[in-house]
Amino acid sequence: MQIAIIGLPSSGKTTIFNALTGSAIPVGQYAAKPESNIGVAHVPDDRVDKLTELYKPKRTIYAEVTYVDIPGQGGVQQEQAMFDGAAMGQLQKADALLHVVRAFDDDSVIHSKDSVDWRRDAKDVEFDIMFSDIALIDRRIEKLSDVKNMKAVDRDAQFKLIDELKAVQAGLEDGIPVRSQSLTDGQQRGLQDQFLVSSLPYLVAVNIGEDAIPDSEAIEGELGEMLTGELTGGAAICGSLEMELSQMDDAEEAEFRSSLGAGEPGLHRILRLCYESLGLMSFLTVGEDEVRAWTIPEQMPAAKAAGVIHSDIERGFIRGEIVSYEDLMEHGTVSNARTAGKLRSEGREYLMQNGDVVNFLFSV
């Protein structure tokens, strides 16, 4: 899974990136650079930790998320392109957007709009994203409008397609991102070779100062009311504190976080939002060699899930031997779970459940 981090200059994007990935990229007014930062974060999973204690494998592999910190954006309202060509190339690889908006005060860090207002910035950047999509559809319609030398029946079909694309544009102009529009088959065909940024799941991180940590719940409540529609989510995070804590060992971080009343790590909250907005979950494989979490979409059939491990397993799929994580921990071993009737044999169309511990049988 790849998450693109976007936001206005000096919003604290790189600070949040460092907190999420444990990186130490320089931050500050003059630390910005034109290239994207790329980092990987392990997805914390208590189930993997407990299974590692149980099996004592040679290696443990957590699910991973790749974060791409895209350089600060300008936007239509600043008479700049929202995303340049390099940024668009990165966005096309992304599974979701994480928009960092600034809510902290710091006189040494100049805001690109001369004042701090996270509500304004959240709305403005979302508007700029939809504006860029409107412009892209405009160019698509312009190309489709060339109907010279077309047969009448083909010309009529082309005009119908243009009308359908204009309907998508109208939705964007009304403030409805593509992710929240129910596209017809014709609209999907007309846009299949186009990348619309507002089609991506959209997460917002309000980057607060330490003094606002007690207000996090209220900020998140307000943010939730702003983020209407599907595939969205938001959280209030003190990026500077989270970056500092991410450099500590686990015990020191837990003690410091408790003393500050900082709650669960921002990394955990953002990852949970990513999984929820994308409709993802994890199944698990265990053994003396390896305990591993595998990320898949919810409701994925067993054979397709097997293919996430290796295409040969999907091709030669016979069945999956499955026990829930809870049942395995209760009975201690797969053998005991089998004796207790908790181990099931499931076919290729079985819909995987979050926390399934599985051994796929196959023949190639």
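Helices here are DSSP runs of H or I with at least four residues, strands are E runs of at least two, and both are numbered from the N terminus.

A word on what you're looking at. This is a predicted model, where local features need pLDDT of at least 70 and side-chain atom pairs count only at pLDDT 80 or more, while totals for chains, interfaces and linings use all residues. Residues are numbered from 1 along each chain as its sequence is written, and side-chain values use heavy atoms, with hydrogens and water left out.

**Around Thr285**

Thr285 is buried, at a relative accessible area of 14%. Buried means under 20% relative accessible area, with a 1.4 Å probe and protein chains only. Contact means heavy atoms within 4.5 Å. Setting aside neighbours within four places in sequence, Thr285 is in contact with Glu290, Val291, Arg292, Trp294, Ile309 and Val358. Glu220, on the other hand, is 65 residues from Thr285 in sequence and 35 Å from it in space, C-alpha to C-alpha.

**The chain as a whole**

| Feature of the protein chain | Value |
|---|---|
| Helices and strands | 14 helices, 12 strands |
| Span of the C-alpha trace along its principal axes | about 70 × 65 × 35 Å |
| Buried residues | 47% of the 364 residues |

Among contacts with a separation of 6 or more, 69% are between residues 24 or more positions apart.

**A covered helix**

Now look at helix H1, residues 13-21. H1 is mostly covered, with 9 of its 9 residues buried. They run from Lys13, Thr14 and Thr15 through Ile16, Phe17 and Asn18 to Ala19, Leu20 and Thr21. Just after H1 comes Gly22, which takes a positive phi of about 70 degrees.

How do H8 and H9 meet? The axes of H8 (residues 239-246) and H9 (residues 250-260) come within 10 Å and cross at roughly 150 degrees. The two helices are therefore roughly antiparallel to each other, a label for angles over 145 degrees. On the H8 side, the contact is made by Leu241, Glu242, Glu244 and Leu245, and on the H9 side by Glu253, Phe256, Arg257 and Leu260. Sorted by class, this contact has 4 nonpolar, no polar and 4 charged residues. Nonpolar covers Ala, Val, Leu, Ile, Met, Phe, Trp, Tyr, Cys and Pro; charged covers Asp, Glu, Lys and Arg; the others, Gly among them, count as polar.

How values were computed: Axes fitted to C-alpha atoms, helices over the stretch in contact; angles between N-to-C directions. Parallel < 35°, antiparallel > 145°, perpendicular 65-115°, else oblique. Buried < 20%, exposed > 50% of the residue type's maximum accessible area, 1.4 Å probe, protein only.
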